[in-house]
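Welcome! Here is a short tour for anyone meeting this structure for the first time. Take a look at the sequence and the model below, then read on.

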Amino acid sequence: MNEAVHTGVRPYKCKECQRLFARQDSLARHEKLHTKDANDYPSPSSTHSIKRPSSSLSISTSPNEFREASSQTFQSQPTPSHVSTFGDATPIMPSSTLPHMPLSADLDFDLMWPDSEDLFETLMAPDPTNPWQIPQINTHFSPAQSVFNFGTPTSIIDKASPMSSVCSGESHRAVHNVSEMVTNLSASVTAAIEASSITSVFLDECLHMFFIRFIPTFPVLHRATFVFKECTQPLLLNAMAIGSLYLGPKDSVAKGEALWRLAHVALTTSWEILITHRGSYDSCPGIQLVTTALLAQIYGSLSKNRAIRTTSQAFHALGFFWARQCALSDSQPYSLTNIPSLDASDEEKDRAWRVWAAKEIQQRALLGHYVVDGLISRMSGEAPSVRHAANQLGLPSSEAAFEARTADQWIAHMKYQETAPLSFRKIITSLFSPLGMCHTMNHDFSAFAIRVILEGLQSFLADCENDEMLIGVPTKVELRRALVQVYQGIKSNISISEPERLELFLRWHTICLDACKDSSVLCRAVCSRYGVPQHVCGGPESSKVEVDLVSWANTEDGRRALLHAIAIQEIVEQLPRGRAHVIHIPGSLFASATVYCVFSIAGQTMVNIPSHVDWPSVLSSGYDSSEAIPAASSNIAETRKYIRGEYAVILESQLAESKNLLYELNSMQKLFRCLSSQWGISYDMEPVIDQWIALCH
């Protein structure tokens, strides 16, 4: 059986569709798609109709139910002890580990990927009959042609340029050396894949978890119209690398890193081919390349592996570069006049839906880069890659329309779509209009759109820290006024769910905290002064960070930052379990912990704060004679007393509560341990906080 995988022979044929397989277990998995009664599989690009089994698990299934059902299915379908399900080279896993790894037969078959065996065989062995195959590396590739062919069949460009056409001598030797280097790189990456015991079942599970865990918190791919066969392999590999973060077994981390590395090698060596790929409904080429770069950035920036994080930071501007090369932002938005009526034919509705979905993915992929750019720039200590305030992209659709499962549902939701021709540049500019003149945030923007707006405001923070006036940069007072308007917009928005509102407020509080004092600067100042090694907050190593921590903790900005830090911790604790995968959670919590540490070092372990905080007053009071936004909350007086430092002498009050910051730091450690199962960067945050706690004692 193992020889068949390596030689490319496919001796096993499906009786229903005549499809060939290299392994008998692959055929058995495939045949289950034909044997159960259900609706047609949603991928329209297949040449034959595939039936999906009715799954006993839905998206709303709890993790415990998921594991129990998986365990029951495994017990009802035992695997022979002398043969591994995944081939001779893969050891059989103990049954005790399997409840944490649901078999793909139990996955939601809306997400079932019938070609995971193809990708698995592609990763593990050469197969000249597979159109998705990675060509074996040899010295006959020109340096301009990618060594890895990761495109789909329609995206491959024949750039035949054999080595014989290259001049002999030093040029010939240079080409040979480059080819040998890439060969060795490919061999090492493939060896890592083999060593990690990746199986086709594992790939299925990763893709499933990507869609049901990650996409709800960062909706950039359209699940309902997602067609596996039309995806380039680097995109799938990065999606599965992210999905691996949500699987139980610890070896999933190593497997996910192996997938990410393989995708990274493919992306860096084959982008000239990938940039020409154009899907069936795409308005321009390169959309999948930009989306692939986005997913790679998300995984890399929050990885446990520091080398991967550094690589992510080094490459994080490439997504914008490729988007400019493909003119993604120049294509016309989808016209609402093209939406068919409910009485139109199914074919017309389905085509319109897929054309719209392709446009929406194109826009969201580029907007996603703006969101991730803010995350990476703050973690790396570098300036943003682009001017967020100059973002000319229009608003994405509502989440309800994007999550519609059928064309009819989509049409129904699009009837309520706002037609205001707003761009993010206009929105961000309007937030700095004269007092009382801005009503932009009265619109019920989608949660994804508000994330982009928040990152636009965050991009001003580094320049606002500069004491000198800079042309085109708002002052701190103006930035806080804009943040107040966004706060009120989030609070009054009726189109977003409560979990989404919490996630938006989480990011809002983090930006407000950094507007008081850059938390990464505080972190580096504490660690530098007390000799605490840290690999979380980047920045120039040569520049010494000098901050008078005790004095800062006794300023109005220090007390503002503390209120935001406490709010961040409370929001994370309130988030529903299924929504605890937001990419900003680790950085937000670490910023909160940094402020707790600074106050504890300053001797303020026990603090008194208002029981109910009026956030417009937190941002506006004390900056100038006229308040930024006239607030109407009954808690204004108490909030302003605290900002002025008057709560330091109040021991007991019905309107005040006490916080033990050392106790809160210890509680926060538990949150980081939970987060580390998804976002590996939390592993580097834990020991820093441990040393901070010891330091504060």
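## The chain as a whole

Helices (H or I, at least four residues) and strands (E, at least two) are DSSP runs, numbered from the N terminus. By that count, the chain has 27 helices and 4 strands. This is a predicted model, in which local features need pLDDT of at least 70 and side-chain atom pairs count only at pLDDT 80 or more, while totals for chains, interfaces and linings use all residues. Residues are numbered from 1 along each chain as its sequence is written, and side-chain values use heavy atoms, with hydrogens and water left out.

How many of the 697 residues count as buried? The share is 56%, where buried means under 20% relative accessible area, exposed over 50%, and partly exposed in between (1.4 Å probe, protein chains only). A contact means heavy atoms within 4.5 Å. Among contacts between residues at least 6 apart in sequence, 75% join residues at least 24 apart.

## Two loop residues

Let us start with the loop between helix 11 (318-326) and helix 12 (346-380), where Ala327 lies. Ala327 has a phi near 55 degrees, a positive value in a residue other than glycine. Most residues other than glycine have a negative phi.

His316 is in the loop between helix 10 (306-315) and helix 11. With a relative accessible area of 11%, His316 is buried. The side chains of His316 and Ser385 are joined by a polar contact of 2.7 Å; such a contact is a pair of N or O atoms within 3.5 Å, and within protein one must be able to donate a hydrogen and the other to accept it, with residues adjacent in sequence counting only if both atoms are side-chain atoms. Leaving aside neighbours within four places in sequence, His316 touches Gln297, Asp373, Ile376 and Ser385.

## Nonpolar cores

A nonpolar core is a set of buried Ala, Val, Leu, Ile, Met, Phe, Trp, Tyr and Cys residues joined through side-chain atoms within 4.5 Å. The largest one here has 158 residues, and Phe214, Phe590 and Trp692 touch the most other members. A second, separate core of 14 residues includes Trp353, Trp356, Phe402 and Ala407.

Which residues are in contact with Trp692, leaving aside its neighbours within four places in sequence? They are Cys523, Val526, Cys527, Val532, Phe590, Ala593, Thr594 and Cys597.

## Cavities inside

On a 1 Å grid over the protein atoms alone, a cavity is a set of points where a 1.4 Å probe fits but cannot get out, and lining residues have an atom within 4 Å of a point. Grid points are joined across faces, edges and corners, and a volume is the space filled by probe spheres set on the points. The structure holds 9 cavities of 30 Å³ or more.

The largest cavity has about 330 Å³ of space. Of its 19 lining residues, Thr225, Glu230, Asp282, Gln288 and Ile361 lie nearest the centre. Helix 12 provides the largest share of this lining, 4 residues.

The second largest cavity has a volume of about 240 Å³. It is lined by 19 residues, with Arg378, Met379, Ser519, Gly587 and Ser588 nearest its centre. Helix 23 (585-601) gives the most to this lining, with 5 residues.

Methods: 1 Å grid on protein atoms, 1.4 Å probe; cavity = no way out; pocket = protein on both sides within 12 Å on 5 of 7 lines; lining within 4 Å.
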